[in-house]
Amino acid sequence: MRFAWIDLREVPRPQLQAVVDAAIHARMAGVVASDAELLGTLPPTVTRVLIPGGPAPAAVKKLADKETKGADSKETKETAKDAKSPASTGFDVLLRKFGTQEELDALAADHRTATAAGKDGTPVSGFIDVRDDRTLTLSCAGAMVLPYTVIHFADPTKIPLEIVLAAAESAEGKLVTVVDGLEEAAIVFDVLERGSDGILFTPRSADEVFALARLLEATTPQLELSTLTVESIRHVGLGDRVCVDTCSHFEEDEGILVGSYSSGFVLCCSETHPLPYMPTRPFRVNAGALHSYTLGPDNRTSYLSEVGSGSALLAVGADGRTRRVVVGRAKLESRPLLEIRTHAEDGRLVSLTVQDDWHVRVLGPGGKVLNVTELQTGDELLGYLAADKRHVGLPIGEFCKEV
């Protein structure tokens, strides 16, 4: 489960309270600050993360002094003990910077001590700036031993993040990547498909907090597919059809949903399976006539005529699983067309018009691959029945009859 921490340290003061309120209302996972008193005002529903260095209670200051000066007096030890208790400090995670192996070892030792203390111990985690091979190697080591490792990458390339993700694949701790905007947040969550566990983001306003919440919730649904029964097949003559070339490799039981009516779709097969006379195109779906609807993320449809480079569609599996895929291009060509009319168990008509050729295929129950020119009345296809009518692709509760 991906998550976000809101960094308050550089939020403009006039916006600070609004950002804090938005973070709580939007159920952000955590809030980061250098002011322990501010963190102490937050509800327990949010993880309160302290980075020492700003205004803080005396206990935290004494703890920082102990760490930097190596003090070991009885008084300082007692103060440090108090500072590591969430009840006494008002924060849940203590985040300290490290840049050497010795500092990482000290963090790891403090984490073990906090773990041994149980509920009275505050988890100790690390923050590191990665700017070269040495700090990259150190960040990988930190990710293996700390509960949270927050990394700021100095360079825009995502290669260092890929290296840390690979190195920390088996780690129990969480990796948090500093991002400078919502666009980078979306990229970071997709690196190596797994992405960073979390991000650290400094919003400029409450609106950006809510926008980040929408990004975190941007998942694709599990669809309940229906069995459709073929009732007629008809050669309708020349027309324009669209091949959709995506930037992803389809699985053998995946395709996209296409239909002549917004109320019902047929699962059109990708060209992942071998074909005679031509190589496979595992990124392509020979989708249908240009007037057809196809289903995309956020329960929004598009005409195939509107699909183009950069569009987002849903790849759908025979078991109803979905994922977002990006279109690399759409190819429109004139071809003989075939109309396939089916009906669902409730009698609803679902129609699909595709290229009239044996190489074009749809999927049946269980992911069975069916050539469209060999379909017969009574054959069963996989499809999806939509509950909503559509206006400009958006669901709407109005009367609409499609024939």
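Q: What counts as a contact in this predicted model?
A: Contact means heavy atoms within 4.5 Å. With that cut-off, residues 24 or more positions apart account for 62% of the contacts in the chain with a separation of 6 or more.

Q: How many helices and strands does the chain have?
A: There are ten helices and 22 strands. Of the 403 residues in the chain, 50% are buried.

Q: What pLDDT does the chain average, and where is the pLDDT below 50?
A: The average is 86, and 86% of the residues score at least 70. The stretch below 50 covers residues 54–88. Beyond near neighbours in sequence, that stretch has 47 contacts in the model.

Q: Why is Val362 called buried?
A: Buried means under 20% relative accessible area. Val362 has 1%, so Val362 is buried.

Q: Where is Val362, and what is Val362 in contact with?
A: Val362 is found in strand E18, residues 361–364. Leaving aside neighbours within four places in sequence, its contacts include Val266, Leu267, Cys268, Cys269, Leu352 and Leu381. Ile256 is 106 residues away from Val362 in sequence, yet the two C-alpha atoms are 9.6 Å apart in space.

Q: Why is Arg27 called exposed?
A: Exposed means over 50% relative accessible area. Arg27 has 73%, so Arg27 is exposed. Arg27 lies in the loop between H1 and strand E2 (30–33). Arg27 also has a positive phi of about 60°, although it is not a glycine.

Q: Is Tyr277 buried or exposed, and how do you know?
A: The exposed class begins over 50%. Tyr277 has 84% relative accessibility, so Tyr277 counts as exposed. The loop between strand E11 (264–271) and strand E12 (281–289) holds Tyr277. Its phi is positive, about 75°, although Tyr277 is not a glycine.

Q: What makes H10 largely enclosed by the rest of the structure?
A: Eight of its eleven residues are buried, so H10 is largely enclosed. Among the buried ones are Ala206, Glu208, Val209 and Leu212. Their cover includes strand E1 (3–7), helix H1 (13–25), helix H9 (182–188) and strand E8 (198–201).

Q: What makes a set of residues a nonpolar core, and how many residues has the largest one?
A: Its members are buried nonpolar residues joined through side-chain atoms within 4.5 Å. The largest such core has 52 residues. Those with the most contacts inside this core are Ile6, Leu8, Met28, Val164, Ile199 and Leu212. Helix H10 (residues 206–216) gives the most to this core, with six residues. A second, separate core has 30 residues, including Val266, Val285, Ala344 and Leu385.

Q: Which residues does Leu8 touch, not counting those up to four places away in sequence?
A: Leu8 touches Leu16, Val19, Val20, Val31, Val32, Ala33 and Leu38.

Q: How do H7 and H8 cross?
A: The axes of helix H7 (residues 133–145) and helix H8 (residues 159–167) come within 9 Å and cross at roughly 35°. The crossing is right-handed. On the H7 side, Leu136, Ser139, Cys140, Ala143 and Met144 make the contact.

Q: How do the residues of the contact of H7 with H8 divide into nonpolar, polar and charged?
A: Eight are nonpolar, one is polar and none is charged.

Technical notes. Residues numbered from 1 in each chain as written. Predicted model: local features only at pLDDT ≥ 70, side-chain atom pairs only at ≥ 80, totals over all residues. Heavy atoms only, no water. Axes fitted to C-alpha atoms, helices over the stretch in contact; angles between N-to-C directions. Helix = DSSP H or I, 4+ residues; strand = E, 2+ residues; numbered from the N terminus. Left-handed = near helix turned anticlockwise from the far one by under 90°. Nonpolar A, V, L, I, M, F, W, Y, C, P; charged D, E, K, R; others polar. Buried < 20%, exposed > 50% of the residue type's maximum accessible area, 1.4 Å probe, protein only. pLDDT = per-residue confidence, 0-100.
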